[in-house]
Amino acid sequence: MGMIFGFLASYKFGRSLLENHPKFFSFGAVSKQGVPKQKAAETNFELTLFGKGWATKGDHDSPPNRVVKTVVKGKNVGYGSTCECMVQAGLVLLFEPDRLPGVGGVYPPGFAFAETTLVSRLNKHDVTFESSVVTSE
């Protein structure tokens, strides 16, 4: 099956077939109509993240000495939780500018929203974050 897909995807004509007839080539698993609303509403996700860092803030000469595990859970990742994350992040930007980094630049979301209520807002809207320290030296 993978070889057939790879062969078709290698050529313009094959890609056209795959794009125009997804239901046929996926044996009914994928269609142009997308996921039915009821089926999407019954889905959920769980994402486990591990981060390495230091137990204290500031400059460090030693390698990271702490590992933190965060599990993110939610429902309907395609339309539900993703939208909720975007809306709540937008509300934080509007209502909590004093809690965001004050200097210009591009920041990763974890740093930009670290001092805000984003995680508690998302927890209230069924996107939960559970963090625990795995190792700390």
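How many nonpolar, polar and charged residues does the lining of the second largest pocket divide into? The lining of that pocket divides into 4 nonpolar, 3 polar and 2 charged residues, where Ala, Val, Leu, Ile, Met, Phe, Trp, Tyr, Cys and Pro count as nonpolar, Asp, Glu, Lys and Arg as charged, and the others, Gly among them, as polar.

## About the model

This is a predicted model, in which local features need pLDDT of at least 70 and side-chain atom pairs count only at pLDDT 80 or more, while totals for chains, interfaces and linings use all residues. Residues are numbered from 1 along each chain as its sequence is written, and side-chain values use heavy atoms, with hydrogens and water left out.

## The two pockets

A pocket is defined on a 1 Å grid over the protein atoms alone, as an open set of points where a 1.4 Å probe fits, with protein on both sides within 12 Å along at least five of seven lines, and its lining residues have an atom within 4 Å of a point. Grid points are joined across faces, edges and corners, and a volume is the space filled by probe spheres set on the points. The largest pocket holds about 1,100 Å³ of space. It is lined by 31 residues, of which Pro109, Gly110, Phe111, Ala114 and Val119 are the closest to its centre. By class, this lining has 20 nonpolar, 6 polar and 5 charged residues.

Several elements contribute to the lining of the largest pocket: β1, β2, α5, α6, α7 and β3 (128-136) each supply at least two residues, and β1 gives the most, with 6 residues. These helices (H or I, at least four residues) and strands (E, at least two) are DSSP runs, numbered from the N terminus. The second largest pocket has a volume of about 170 Å³, and the residues that line it are Lys23, Gly28, Ala29, Val30, Ser31, Gly34, Val35, Pro36 and Lys39.

## Salt bridges

A salt bridge is a side-chain nitrogen of Lys or Arg within 4 Å of a carboxyl oxygen of Asp or Glu, and by this rule the count comes to 3 salt bridges. One of them joins the side chains of glutamate 115 and lysine 57, at 3.9 Å from N to O. Because glutamate 115 lies in the loop between α6 and α7 (118-124) and lysine 57 in the loop between β1 (44-53) and β2 (66-75), this pair ties together parts that are 58 residues apart in sequence. In the terms used here, buried means under 20% relative accessible area, exposed means over 50%, and partly exposed lies in between (1.4 Å probe, protein chains only). Glutamate 115, at 49% relative accessibility, counts as partly exposed, whereas lysine 57, at 78%, counts as exposed.

Glu96, Arg99 and Arg121 are linked in a network of salt bridges. Arginine 121 lies in helix α7 and glutamate 96 in the loop between α5 (77-95) and α6, so the pair ties together parts that are 25 residues apart in sequence. Glutamate 96 is buried, with a relative accessible area of 8%, while arginine 99 is partly exposed at 39% and arginine 121 is partly exposed at 22%.

Val103, Tyr107 and Phe111 make a nonpolar surface patch of about 310 Å². Patches are made of residues with over 30% relative accessible area and no salt bridge, with like charges joined within 9 Å and nonpolar side chains (Val, Leu, Ile, Met, Phe, Trp, Tyr) within 5 Å. The accessible areas come from the Shrake-Rupley method with a 1.4 Å probe, and for residues only the protein chains shown count as cover. Phenylalanine 111 is found in helix α6 (residues 109-112).

## Two residues with positive phi

Most residues other than glycine have a negative phi. Asparagine 76, in the loop between β2 and α5, has a positive phi near 45°, and this residue is buried, with a relative accessible area of 15%. Aspartate 126, in the loop between α7 and β3, has a positive phi near 65°, and at 51% relative accessibility aspartate 126 counts as exposed.
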